[in-house]
Amino acid sequence: MGDLDGDGHLDIVRTDMWFQNMDGDGSRWVEHAIGPNTPPPPDFQPHFAWNATKAMVVDVNGDGRLDVVSKPWRAQPGNAVQGRTYVVFLENAG
C-alpha cells in the first residue's frame, strides 16, 4: 500500500495493477493496469506481470513519488533473463 497518485489516500498495489482509492475511505476504487494483466508474449520485456509475487511501494530514486518494485516468485528457465531471478523497478513518472 502507498499513495501512488499523491492525493493523500492510500492506494493498493499488486504486481500487475494498482487500485486507486478515489474517496479516501475505501468505498470507491479505480483499477489501473501495470504492464499486461494476461501472460505476455515471449518477447515482452520486462517479463514480470503474471509471475511476480511481491510488490513494494517505495520512493526508489528520491524524487518524492512512490515507485513500485516487484520480483518474480522464482527463477524460471527460458524466461526473459535466461532463468535468473531479478527485480523490476517501475518508476512513477507522476
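**Exercise 1. Work out whether Asp11 is buried or exposed, and which side chain of opposite charge is nearest.**

Step 1: Asp11 is buried, where buried means under 20% relative accessible area, exposed over 50%, and partly exposed in between (1.4 Å probe, protein chains only).

Step 2: Asp11 has no salt bridge; that would take a side-chain nitrogen of Lys or Arg within 4 Å of a carboxyl oxygen of Asp or Glu. The nearest side chain of opposite charge belongs to Arg28, 11 Å away. For charges, Lys and Arg count as positive and Asp and Glu as negative, while His and the chain ends are not counted.

Step 3: Place Asp11 in the chain: it sits in the segment before β1. Strands here are DSSP runs (E, at least two residues), as are helices (H or I, at least four), numbered from the N terminus.

Step 4: Now look at who surrounds Asp11. Leaving out residues up to four places away in sequence, its contacts include Met1, Leu4, Trp18, Phe19 and Trp29; contact means heavy atoms within 4.5 Å.

A word on the ground rules: this is a predicted model, in which local features need pLDDT of at least 70, side-chain atom pairs count only at pLDDT 80 or more, and totals for chains, interfaces and linings use all residues. Residues are numbered from 1 along each chain as its sequence is written, and side-chain values use heavy atoms, with hydrogens and water left out.

**Exercise 2. Find the salt-bridge partner of Arg28, then say how many salt bridges there are.**

Step 1: Arg28 pairs up with Asp23, and their closest N and O atoms are 3.2 Å apart. Arg28 is partly exposed at 42% relative accessible area, and Asp23 is partly exposed too, at 39%.

Step 2: The count comes to two salt bridges. Asp63 and Arg65 form a salt bridge, with 3.0 Å between the closest N and O atoms. Asp63 is partly exposed at 30%, and so is Arg65 at 33%.

**Exercise 3. Trace what Leu4 touches, leaving aside neighbours within four places in sequence.**

Step 1: Like Asp11, Leu4 belongs to the segment before β1. Leu4 counts as buried, at 11% relative accessibility.

Step 2: The contacts of Leu4 are Asp11, Val13, Trp18, Val57, Leu66, Val68 and Asn92.

Step 3: Check the C-alpha atoms as well: those of Leu4 and Arg65 are separated by 7.2 Å, with the two residues 61 apart along the chain.

**Exercise 4. Give the strand order of the open sheet, and say why one side of β1 and β3 is left without a neighbour.**

Step 1: The order is β1-β2-β3, with antiparallel pairing; two strands pair if DSSP finds at least two bridges between them.

Step 2: β1 (12-13) and β3 (29-33) are at the edges with a single partner strand each, so one side of each has no neighbour in the sheet.

Step 3: β2 (residues 17-21) joins β3 over five bridges.

**Exercise 5. Sum up the protein chain: how many helices and strands, and how much is buried?**

Step 1: The protein chain has zero helices and six strands.

Step 2: Of its 94 residues, 30% are buried.

Step 3: For contacts with a separation of 6 or more, 26% come from residues 24 or more positions apart.
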